[in-house]
Each structure stands twice: as C-alpha cells, then as structure tokens.
Amino acid sequence: SNGWSVGRGGTILHTTNGGTTWDLLTYFDTIAALTGVYAINAQVCWVVGGDTLAIKTTDGGTTWNKQPLDVPFYGIWWPNSVLFTDSLTGWIGGTNYPYADSDFILKTTDGGISWQKLYYGGDTVDGRYFSYGCTGYRLTGVDNEHVWATCHQCYILRTTDGIHWHSTFNPRCGNYKITDVDFPTMDIGLAAGDGPAGTGVISKSTDGGETCSGGNIVFGCIL
C-alpha cells in the first residue's frame, strides 16, 4: 500500500493507502527536479535527482538526509535513477554534466555507505562506444547479478554478474530512443522509447534482454 513519486522543485509524494490519497513531502534543501525513487521497505526510501542529489529516509519520509556518494566527478553529476536489489546492494545511474561521454553507473554493496563506478561514459561495451546521454536513465533488476539499464539510444545495457556489462540492440526500433525498461522476471521484459513526430515504440524480450521483438510503434504518444 506504500508508494512514492518525485518531481520538480524537490517534490516528494507519499501514499500509504495504495494511491487513494497522497501526502506532499517537499525536500526543501533543493529546487532541482527529482528524477528517481526506490523504496527498500515501508521505512527506507532513496531519492535521486539534479543538483548532485541523493537523499534517504529511514522513517517513512518524516526526515530526509543527504547521502554522500564519495565518488570523484568533474562538473555537475546528475543521478537519474536508483535501484536496490536488496537492503545492501544498490545502483545509481546518471550523467556527468557538462562533459560529453561521461554517463555513469554506480554500485553499493553496503547499503549506500560506499559506492564504486562500474561504468563511466567513454567506456566501450561489446566494442561499441556509447555517446553522451547513454546510460542510467532507468534501472531495473531481479537480483544482485541481473540488472538492466536504458541507454537512450536503441540499446539496453545488461549485467549478469553484477559487475560487467554488455549491450543488446533492437534492430526494429530504428531511430527510436529507449527511455524506460522493466524486467519483472529473469526472462521477460519490456522496453519503451520515443521517436520523431510524437511517436513511441514498445518492445518485448523473452530471453532476458538478449534479443527484443515487436518494436510496435505507438503513434501520437511519447513514451
């Protein structure tokens, strides 16, 4: 019955009745947009967003504390998405502005006390050089080893050991950019994206993201 939503101006919304009503919990230390939220349980929740922000509550949203990621960056780093596959193992993906080719995926194995870079823009995955705006827009995972990340191109990044990443490609999505991905099981997942002229695309994988099928175009809808 607990749920969370985040948005512009440091806005955090919380429901305890399955979405029937929502409480506004604004994080007053920032006016930046909050872009990612993940609740480990009813009391512990992480939120990330602009202004190099990562915050955490351990009392169901009554109080929030800024979390140091303790990872060196240049300029402004913008975490876009956060995911925890258990109480200790978590992931953050985002972009390091204004430097091109500097997107990142971070991982913690101690509940967020320390973080390490597993991927940083300019790296190559399967021989492909991923460009600016590629990684970390959305993260999804089913356990500590199997995690997927959108690439905001026609690729999805995937790890099967929690450390090393490789890419999948959906040839049917053409110039569409993948903006969201979800794998409710180890094998079955959906990816959605947007393209020109207000169109969107939805693809499905039944083999853990190794291949995608469908590429169904949804006209008049930006996903």
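## Aromatic pairs

In this predicted model, a search of the whole structure turns up five aromatic pairs. One of them joins W46 and W115 in an edge-to-face arrangement, with 5.8 Å from centre to centre and 75 degrees between the planes. W46 belongs to strand β5 (residues 45–49), while W115 sits in the loop between β10 (103–108) and β11 (116–120), so this pair ties together parts that are 69 residues apart in sequence. Both W46 and W115 are buried.

W115 has another ring partner: F84 and W115 also form an edge-to-face pair, at 6.4 Å centre to centre and 80 degrees between the planes. F84 comes from strand β8 (residues 76–84) and W115 from the loop between β10 and β11, so the contact ties together parts that are 31 residues apart in sequence. F84 has a relative accessibility of 2%, and because buried means under 20%, F84 counts as buried. W115, with a relative accessible area of 8%, is buried too. Through these ring pairs, W46, F84 and W115 are linked into a cluster.

## The nonpolar core

Where does W115 turn up again? It is in the largest nonpolar core, among the residues with the most contacts inside it. The biggest giver is β8, with three residues.

L69 is a handy place to start if you want to look at the packing by eye. Leaving aside neighbours within four places in sequence, L69 is in contact with A54, W77, I92, L106 and W115.

Is I113 buried or exposed? I113 lies in the loop between β10 and β11, which is also where W115 is found. At 68% relative accessibility, I113 counts as exposed, because the cut-off for exposed is over 50%. W115, by contrast, is buried at 8%.

For a distance to check in your viewer, take the C-alpha atoms of I113 and L88: they are separated by 9.3 Å, and the two residues are 25 apart along the chain.

## The sheet around β5

The strand that carries W46 is part of an open sheet of four strands, in the order β4-β5-β6-β7, with antiparallel pairing. At the edges are β4 (34–39) and β7 (65–66), each of which pairs on one side only.

Inside the sheet, β5 and β6 (residues 53–57) pair in the antiparallel sense over five bridges.

## A covered strand: β16

Strand β16 (residues 155–159) is mostly covered, with five of its five residues buried. In a regular strand the side chains alternate between the two faces of the sheet. Here, Y155, L157 and T159 point one way from β16, while I156 and R158 point the other way, and all are buried.

Which strand is joined to β16 by four bridges? The partner is β15 (residues 147–150), and the two run antiparallel. Within this pairing, T150 has I156 as its bridge partner in β16.

Technical notes. Residues are numbered from 1 along each chain as its sequence is written. This is a predicted model: local features need pLDDT of at least 70, side-chain atom pairs count only at pLDDT 80 or more; totals for chains, interfaces and linings use all residues. Side-chain values use heavy atoms; hydrogens and water are left out. Rings of Phe, Tyr and Trp (its six-membered ring) pair if their centres lie within 6.5 Å; planes under 30 degrees apart count as stacked, over 60 as edge-to-face and the rest as tilted. Buried means under 20% relative accessible area, exposed over 50%, partly exposed in between (1.4 Å probe, protein chains only). Two strands pair if DSSP finds at least two bridges between them. A nonpolar core is a set of buried Ala, Val, Leu, Ile, Met, Phe, Trp, Tyr and Cys residues joined through side-chain atoms within 4.5 Å. Contact means heavy atoms within 4.5 Å.
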